[in-house]
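Trainee: Hi! I'm new to this one, could you walk me through it?
Mentor: Happy to. Let's have a look together.

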2 protein chains.
Amino acid sequence: MNQAAAYLSLAAKLQQRIVNGELPAGSKLPSERALCGQFEVSRVSARDALHALESQGLIYRLNRMGWFVAPPVFIYDPTRSSSIQEEAISQHRALTTELLSAAQETPPIQVSKALKQAPTQSAVVVTRRRAVDQRWVLLEICYFRESAFPDLLSHDLAKSLTALVREQYGYRARELDVSISSSPLSPSHAQHLQVREGCPSLKLERQVKVAGEPIALEREFWLHDAIEMRVKGQGS
Amino acid sequence: MNQAAAYLSLAAKLQQRIVNGELPAGSKLPSERALCGQFEVSRVSARDALHALESQGLIYRLNRMGWFVAPPVFIYDPTRSSSIQEEAISQHRALTTELLSAAQETPPIQVSKALKQAPTQSAVVVTRRRAVDQRWVLLEICYFRESAFPDLLSHDLAKSLTALVREQYGYRARELDVSISSSPLSPSHAQHLQVREGCPSLKLERQVKVAGEPIALEREFWLHDAIEMRVKGQGS
DNA sequence: CAGTGGTCTAGACCACTTA
DNA sequence: AAGTGGTCTAGACCACTGA
């Protein structure tokens, strides 16, 4: 066999330290220039190693603050009836939610279509970001049909929306159409999650229907390395 | 605002050509060195641009053969009762399947656990790769409980396994536990899909149960930019 | 064989964060 | 102001591909 590439060998050494627990979850790695010195590689090679570990979900970067060891993935059922809050508690993870905006707006065309309303018709749009164990990992954009959610804006929208929908508005028997795909983050989404533009994410789109009629559309962008989704289904 | 970075501006120009149809799906991009010349950037910048488009799923690379425009995503229901073959036909996509190996082996421990059998107990392991529109996008590893699938190896395993399970073995009323996560490809998996080690993939694990007992475990590794998953669910 | 991407060096300046 | 990652140059050699 040939000699391992310098960046792969550095990546392996860092990985070793991480799985050993020498570098625990959430801790900061040495700076890129420090790695160059310690391991006698060029900065390009050091960065290649970091990129490799990043794409494996082992580490992540915060703006220009440095590289950090990623915490374990959060497990999540996108067809959930329970709220994310409840799932976080059962996994002993700290969840924080921040309301970014809430207003009555005209949604994008695809959203209008999914809600089965005219493109000129407005909807209530709620945008939030959520952190698991202090790391922002989820950007959430919910579009609600106004007719189905009167006075929505007067409620506390930093709390569980799932509970609000269920308890204040009494929607219990819901159907969900869920779509999951890989999607690069837009500049503004990336900024809210403190990652860079174009960063890969798992995009989850959830159309909520009651009696066959759509009442809401939820879009979630999860940092791809932060989540694992689990679904139960039935074969024919 | 500041001047756009050279690599972002190059990426935007290439993206333009792709969405225009000037560079249709499947076509080859100019070589990295050609791009350096045409756009007067260093090779590093050219590569950064290509990497950005790659992470957006717009282009992909084949070994050392060059960069190519990616075809549209394949849409797929992981809780499907229909076979992938059937889904491909309804989407007018060409699907090819290649059997890589089929044998009786002792599976990894996690698999034994999921199948609820002793770690020493063997299982029938079938490995295949599948292409959509001539591009290898899926590596599939199926573990079958021997007791549930007698004489499995004597069948044609390049054909639809879904149909085989349903028609030859008569398992109709199945339950599925599905898990979806992001996972880097191992060296051997990457090689089969003609991409490089560590390439991000969507990992799908599907536990098949009949009357509450697991009879098979299927693992699928999809190139992350090639697929979109859709699921239907029920709220509480 | 020539062409391609894969890896690498040793520098440089910029933009942003934190203090 | 000091430290960090982000971007960039102009080269180089290697490993693998295809004809």
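Trainee: How do helix H1 and helix H2 of chain B cross, and at what angle?
Mentor: In this predicted model, the axes of H1 (residues 6–20) and H2 (residues 32–39) of chain B come within 12 Å and cross at roughly 105 degrees. Angles of 65 to 115 degrees count as roughly perpendicular, so H1(B) is roughly perpendicular to H2(B).

Trainee: Which residues in H1(B) and H2(B) meet?
Mentor: From H1(B) there are Leu10(B), Lys13(B), Leu14(B) and Arg17(B), and they meet Leu35(B), Gln38(B) and Phe39(B) from H2(B). By type, the contact of H1(B) with H2(B) has four nonpolar residues, one polar and two charged.

Trainee: Switching to chain A, what domains is it divided into?
Mentor: Domain 1 covers 3–69 and domain 2 covers 74–229 in chain A. Their centres, taken over C-alpha atoms, are separated by 33 Å. Eight residues from domain 1 of chain A and six residues from domain 2 of chain A take part in the contact.

Trainee: How much area do domain 1 and domain 2 of chain A bury between them?
Mentor: About 580 Å², with 47% of it on carbon and sulfur atoms. Tyr60(A), Arg61(A) and Asn63(A) supply 58% of the area that domain 1 of chain A buries against domain 2 of chain A, more than any other three residues.

Trainee: And how many salt bridges between domain 1 and domain 2 of chain A?
Mentor: Zero salt bridges are counted between those two domains of chain A.

Definitions and conventions:
Residues numbered from 1 in each chain as written. Chains lettered and ligands numbered in written order. Predicted model: local features only at pLDDT ≥ 70, side-chain atom pairs only at ≥ 80, totals over all residues. Heavy atoms only, no water. Axes fitted to C-alpha atoms, helices over the stretch in contact; angles between N-to-C directions. Helix = DSSP H or I, 4+ residues; strand = E, 2+ residues; numbered from the N terminus. Parallel < 35°, antiparallel > 145°, perpendicular 65-115°, else oblique. Contact = heavy atoms within 4.5 Å. Nonpolar A, V, L, I, M, F, W, Y, C, P; charged D, E, K, R; others polar. Domains from an automatic or database assignment. Buried area = accessible area lost by both parts, 1.4 Å probe. Salt bridge = Lys/Arg side-chain N within 4 Å of Asp/Glu carboxyl O.
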